[in-house]
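Take a moment to look over the chain from end to end. Then read on, and keep the view open beside the text.

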Amino acid sequence: ETVLSEGGERVRWANLGYKYDWTHRKYFEQEPEISLPEILVDLSKKALKTANLTKYLENSYQPDSCLVNYYNVDTQFCGHIDDAELNAREFPIVSISIGLSAIFLHGKGENCQDRKIKPEAIVINSGDVIIMSDTSRLCLHGVPRICEDSLVEKDLEHLFEVSEEEDPEFTVVERDYIMKHRLNINVRMYKGNVKIESNVSHVTD
């Protein structure tokens, strides 16, 4: 079943690379049957380079997992901290947005994990990339609102290399879905090339 299948609205997330256990908030240890696609590895590295965060590329950054969240217009993602990666403090999360705009809340300051402190609100649009690194890597964050009708079809032209003449059914189905939803692609490094033993203390359930 996929988001494009009948009843696909029930699908809220997918996993590529190392698998994540949402119930226990930790990764499954076994090697993934299918590695993280190279297109996502390359895209995340390009984002870091563009943001002048090459220090991670020089420090063996090798993403190996990805969570894809599917948002309906009424979906909310409560405030949380992404700390299940064995190297969470050392390497960033690269978050790519496609589809409807959203309000992104992010903790700020030295006490960015404190729910009592008012977070920073940021509007993120289709094509935007957010990088959580350094002091922001373990900050509280969430998505309280998806902005309905915030996407116009011309904004999607860069996403589709296949023309409607070549495969009209394929592009029409995908365009219709993205016009009414938000996809959030979170590329991260669970194990990668770092020495896992030195980072075990950072993992919390």
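**A walk through the chain**

The chain has 3 helices and 11 strands. Helices (H or I, at least four residues) and strands (E, at least two) are DSSP runs, numbered from the N terminus. This is a predicted model, where local features need pLDDT of at least 70, side-chain atom pairs count only at pLDDT 80 or more, and totals for chains, interfaces and linings use all residues. Residues are numbered from 1 along each chain as its sequence is written, and side-chain values use heavy atoms, with hydrogens and water left out.

Follow the sequence, and the pattern reads β-β-β-α-α-β-β-β-β-β-β-β-α-β. Of the 205 residues, 44% count as buried. Buried means under 20% relative accessible area, exposed means over 50%, and partly exposed lies in between (1.4 Å probe, protein chains only). The accessible surface of the chain comes to about 12000 Å². Carbon and sulfur atoms hold 51% of that surface. These areas come from the Shrake-Rupley method with a 1.4 Å probe; for residues, only the protein chains shown count as cover.

Now turn to contacts, meaning heavy atoms within 4.5 Å. Take those between residues at least 6 apart in sequence: 77% of them join residues at least 24 apart.

Next comes a sheet. Strands of a sheet pair through backbone hydrogen bonds, either parallel or antiparallel. Here an open sheet of 5 strands runs in the order β1-β4-β11-β6-β9, with antiparallel pairing. Two strands pair if DSSP finds at least two bridges between them. Which strands form the edges? They are β1 (13–17) and β9, and each pairs on one side only. From one strand to the next, the twist averages 15 degrees. Helix α1 (residues 38–50) packs on this sheet and touches β1, β4, β6, β9 and β11 (182–188). The direction of α1 makes about 105 degrees with that of β6. Such axes are lines fitted to C-alpha atoms, for helices over the stretch in contact, and angles run from 0 to 180 degrees between N-to-C directions.

β1 and strand β4 (residues 65–71) pair in the antiparallel sense over 5 bridges. There, N15 stands opposite L67 in β4. Strand β6 (residues 93–99) and β9 are also antiparallel, over 4 bridges. I93 has M132 in β9 as its bridge partner. The side chains of β9 (residues 129–132) alternate.

Now find the cysteines. A disulfide is a covalent bond between the sulfur atoms of two cysteines. The search counts a pair of cysteine sulfur atoms within 2.5 Å, and it finds 1 disulfide in the whole structure. C112 and C139 form it, with sulfur atoms 2.3 Å apart. The pair links distant parts of the chain, 27 residues apart. C112 sits in the loop between β7 (101–106) and β8 (120–124), and C139 in the loop between β9 and β10 (141–147). The link is left-handed, with -85 degrees about the S-S bond. Both C112 and C139 are buried.

Finish at H80, in strand β5 (residues 77–80). Is H80 buried or exposed? H80 counts as buried because its relative accessible area is 18%. Leaving out residues up to four places away in sequence, H80 touches C139, L140 and H141. C139 also belongs to the disulfide. The side chain of H80 reaches the backbone oxygen of C78 at 3.0 Å.

Key
Polar contact = N/O pair within 3.5 Å; in protein donor to acceptor, adjacent residues only side chain to side chain.
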